[in-house]
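Hi everyone, thanks for coming. I'd like to walk you through a structure today, a few helices and then a few single residues. Have a look at it first.

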Amino acid sequence: MKNLTESSAWLALKEHFNEVKDVHMKDLFAEDSERFENFSVSLNDILFDYSKNRINENTMALLFDLARQSHIEQWRDKMFSGEAINITEKRSVLHTALRNRSSQSVNVDNQDVMPKVKSVLKQMRAFSDQVRSGQWRGYNGHRIKSVVNIGIGGSDLGPHVICDALKSYAQHDLNAYFVSNVDSSHLLETLKQIDPETTLFIIASKTFTTQETMLNAFSARKWFLDQVGDEKAIEKHFVAVTTNIELATEFGINKANTFAFWDWVGGRYSLWSAIGLTIAVYLGMDHFEALLEGADEMDQHFQDVPLEENIPVIMALLGVWYNNFFAAKSYAVIPYSQYLDRLPAFLQQLDMESNGKTVDRNGQRVNYQTGPIIWGQAGTNGQHAFFQLIHQGSQLIPTDFLIPALSHQALSTHHRVLFSNCLAQTKALMLGKNHAEVLAEMKQQGIDEQTIENILPHRVFEGNKPSNTIVFERLTPKTLGSILAMYEHKVFVQGIIWNINSFDQWGVEYGKVLAGQILVDLSQEAKVDNHDSSTNGLINHRNNIYYNGREETTLD
């Protein structure tokens, strides 16, 4: 296969970039009164406006050529059909099967996986209904009031972002907590807020051996037993989402209360599986299935709609345009919804763990940028934190803005103000303010000539900063499912174009191995000299503090 940067589509884009790189978006809008209509796409209640990008019709045509040259449609079909496209682990990539709402079969190794998927969904519904109705009670007959999800990575970020985003749908007498960090403070501060008699712990670990998750799980188990004193009570307060039933049973969890998922479900794509059990308990299984329906509708859109009208494909191509031709190294996601405050954190794992690669599918080092740095937070907070950098900083930072047209929490004019701020930022980033405009403005304000001379350059905005605006009617489970699936497919398309495997994460695994080696050295007082000088020095410094009487303390 020809190297990406030597392909005809890439070379055509490179030539086109040199022709349009200095074109200003405000001129593009001035030249085309229908630019919004020409560069926006809808799916159900989601409107995707990409008109505020440094593109014209020729740009998009060339980008679609790149997509077709990269065989996006064929790779998409391979994923949905269950082919083992995760080449380094020889696995299928079938998170889409988890939300398949049709009667169509999905095969892995010539076996239809849909009966197993539906069986687990049925198990999740039965269990979550029992907990929510009060039929499932703790060891001494009290209703469950708190659900604590213990997991890390995809076993935490997915359920966490959804439970936060959709908390207005939650049962009023249930609280959801998430413990992921191995820092004991995360667990201890959570335990302070709950009662062992009314708490359900959901341990989410595919292998039931994940270091951080299992350390937190065993510490939670000890806390529980210290207060309850009866190991039989564990069955009423601990359940597991895992493939390792044997270890879960040894922990004290009833085999009937273990929920399965499969090796063709990647961690960062696992919220659609039984990893979403916390979602089902906290929000209800009807809302969990609405989430699946929304994702399934985006899956169908991604599968069936031509590339030119395909939202995830367009998003992906715009990302490639800025990453590889404008050399943009980061990408901001700004949800104008407090409910979506954790969305950037979720997308960080989805995108950077998937496409943070320097080796292509053939094992060769790439000679182009791959995954960008993903960051952001909820607007309007971001406007008072980092928007200065996006507006006037030296780096080009493409940005996604997401906002509901209607709020779940109507309060005076709050949402109108929120919406106006969102649109004002996208407009300001696009337009900018040139020297002549600033000069006229300052003169109109009656500012003296000397002050104008001193201050004017600081008030000039180049503009021409690209953004996408994603407006949806209201933040519902179904809409959220579509949005998350949209980003999943965007990441997939970019991985295919960059010719990398988006479905492994060997960098993460390497860190785990080294952590295990260092843990041994932190457990002994003897001076360490078997690492590099920096690591040796840091271990010995910590051990000197720890083994000289300044032990850690445990709060009651």
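Predicted model: local features only at pLDDT ≥ 70, side-chain atom pairs only at ≥ 80, totals over all residues.

Alanine 327 has a positive phi of about 60 degrees, although it is not a glycine. You will find alanine 327 in the loop between α15 and β10, the strand at residues 330-335. With a relative accessible area of 44%, alanine 327 is partly exposed.

Which residues of α1 are buried? They are Ala9, Trp10, Leu13, His16, Phe17 and Val20. These residues cover an arc of only 125 degrees around the axis, and that puts them on the same side of α1. Among the elements covering them are α4, residues 57-69, and α15, residues 311-325. On the face turned away from the buried side, α1 carries the exposed residues Ser8, Glu15 and Glu19. Lysine 14 is also in α1, and at 48% relative accessibility lysine 14 counts as partly exposed.

Next, α7, at residues 114-133. It has 20 residues and reaches 28 Å between its first and last C-alpha, close to the 28 Å expected at 1.5 Å a residue. The buried residues here are Met114, Val117, Val120, Leu121, Met124, Phe127, Ser128, Val131 and Arg132. Seen down the axis of α7, they fall within an arc of 155 degrees, so they line one face of the helix. Just after α7 comes glycine 134, with a positive phi of about 90 degrees. And how far apart in space are lysine 14 and arginine 132? They are 118 residues apart in sequence and 57 Å apart in space, C-alpha to C-alpha.

Glutamine 303 sits in helix α14, residues 285-304, and at 28% relative accessibility it counts as partly exposed. Leaving aside residues up to four places away in sequence, glutamine 303 touches Arg76 and Phe80.

Let's move on to a helix pair. The axes of α8, residues 154-165, and α16, residues 343-355, come within 9 Å and cross at roughly 145 degrees. The crossing of α8 and α16 is left-handed. From α8, the contact is made by Gly154, Leu157, Gly158 and Val161, and from α16 by Leu343, Ala345, Phe346 and Gln349. Sorted by type, the residues of this contact are five nonpolar, three polar and no charged. What else do the buried residues of α16 pack against? Besides α8, they pack against β10, β11, β12 at residues 399-404 and α21 at residues 477-497. The buried residues of α16 include Leu347, Leu350 and Asp351.

Two last stops. Serine 146 is in strand β5, residues 146-150, and is buried, with a relative accessible area of 5%. Not counting residues up to four places away in sequence, serine 146 touches Leu174, Asn175, Tyr177, Ile194, Thr198, Thr199 and Leu200.

Finally, a cis peptide bond joins glycine 379 and threonine 380, with omega about 15 degrees. Threonine 380 is in the loop between β11, residues 373-375, and α17, residues 387-392.

That's my tour, and I'm happy to go back to any stop.

Conventions:
Residues numbered from 1 in each chain as written. Heavy atoms only, no water. Axes fitted to C-alpha atoms, helices over the stretch in contact; angles between N-to-C directions. Helix = DSSP H or I, 4+ residues; strand = E, 2+ residues; numbered from the N terminus. Left-handed = near helix turned anticlockwise from the far one by under 90°. Contact = heavy atoms within 4.5 Å. Nonpolar A, V, L, I, M, F, W, Y, C, P; charged D, E, K, R; others polar. Buried < 20%, exposed > 50% of the residue type's maximum accessible area, 1.4 Å probe, protein only. Arc of directions from axis to C-beta. Expected span 1.5 Å × (residues − 1).
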